[in-house]
Amino acid sequence: MRLDIVSIFPEYFAPLDVSLIGKARERGTLDVRIHQLRDWTHDVHKTVDDTPYGGGPGMVMKPEVWGEAIDAIIAEGPAVGGVGAPAATPRIIVPTPSGRPFTQEIAQELAAEPWLLFACGRYEGIDSRVMREYGARMRVDELSIGDYVLAGGEVAVLVMVEAIGRLLPGVLGNVHSAVDDSFAPGAMRNLLEGPVYTKPPVWRGHEVPEVLLSGHHGKIARWRRDEALRRTVANRPELAAAIDPETLDKHDRKLLDELAFRVGPEDMAN
């Protein structure tokens, strides 16, 4: 996968050289290219922002600078079908608190893309005409990592790149590790992963649940499912309420009854 990241603070992305993402870059699984947006300015001050039309506080990032940057990156991109063929286009990701929530499902969707271009906004954001311009001829996603406001999009891009990158083949040591992640499509959709344990079996008087020492895979799977349901009801009842009733077995329903929780559009935790 190729990732292009455009920012006025390229130094923010030093963490991409460490841990799993850093190893993926070393192996060539991830081709990450960091670009300084100011390289596409033409004034002595390298200006990337201006006052907003309509008034109000803050500054807005200028469309012409972003247009030149994105055009240049696309122009140097890979061709489709070999030499002389039309250039490929990236899927553009713009982190913004005004965007759709970034979820595990979206991370999996983006992990299947060959080329992503992240546009890191600052100040009051990027002039909206940039998203309209490129959205007319390629996929542009405005995504939010949470209901809060950051100083810029760099931290959000780090979050998304790690969430996406760990899903690429060969990045995780165990290919099955992502299957049981919280929110993973399938059995874990709308569920939080339950508690986890390792050696020693007793630590400061706290014992590992006996079922995990039993070696009985069926009982362990059932216990993990139960704990995922318990944790989701306790911590994220809105997720639990959105569980598809068709995915619940008799045991699930009994446990939810014990927790005084009903799954359905009008149901709430008691």
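Where does Tyr 148 sit? Tyr 148 is in the loop between E7 and H5, and I'll come back to that spot in a minute.

Quick housekeeping. This is a predicted model, where local features need pLDDT of at least 70 and side-chain atom pairs count only at pLDDT 80 or more, while totals for chains, interfaces and linings use all residues. Residues are numbered from 1 along each chain as its sequence is written, and side-chain values use heavy atoms, with hydrogens and water left out.

Okay, the sheet. Helices (H or I, at least four residues) and strands (E, at least two) are DSSP runs, numbered from the N terminus. Two strands pair if DSSP finds at least two bridges between them. Here we get an open, parallel sheet of five strands, ordered E2-E1-E6-E5-E7. E2 (31–36) and E7 (140–144) are at the edges with a single partner strand each, so one side of each has no neighbour in the sheet. From one strand to the next, the twist averages 30 degrees. E1, residues 2–7, pairs with E2 over six bridges, in the parallel sense; Leu 3 has Val 32 in E2 as its bridge partner.

Now helix H5, residues 154–165. H5 lies across E1, E5 (91–101), E6 (115–119) and E7, and runs at about 160 degrees to E6. Those angles go from 0 to 180 degrees between N-to-C directions, with axes fitted to C-alpha atoms, for helices over the stretch in contact, and contact means heavy atoms within 4.5 Å.

Back to Tyr 148, as promised. Tyr 148 is partly exposed, at a relative accessible area of 43%; buried would be under 20%, exposed over 50%, and partly exposed is in between (1.4 Å probe, protein chains only).

On to charges. A salt bridge here is a side-chain nitrogen of Lys or Arg within 4 Å of a carboxyl oxygen of Asp or Glu, and by this rule the count comes to 21. One of them links Arg 33 to Asp 31, with the closest N and O atoms 2.8 Å apart. Arg 33 is partly exposed at 31%, and Asp 31 is partly exposed at 30%. Another joins Glu 64 and Lys 62 at 3.1 Å; Glu 64 is partly exposed at 44%, whereas Lys 62 counts as buried at 19%.

Last one: Glu 227 and Arg 230, 3.5 Å apart at the closest N and O atoms. Both lie in helix H6 (217–235), three residues apart, about one turn of the helix. Elsewhere, salt bridges that share partners tie Arg 91, Arg 100, Glu 109, Glu 113, Arg 139 and Asp 141 into one network.
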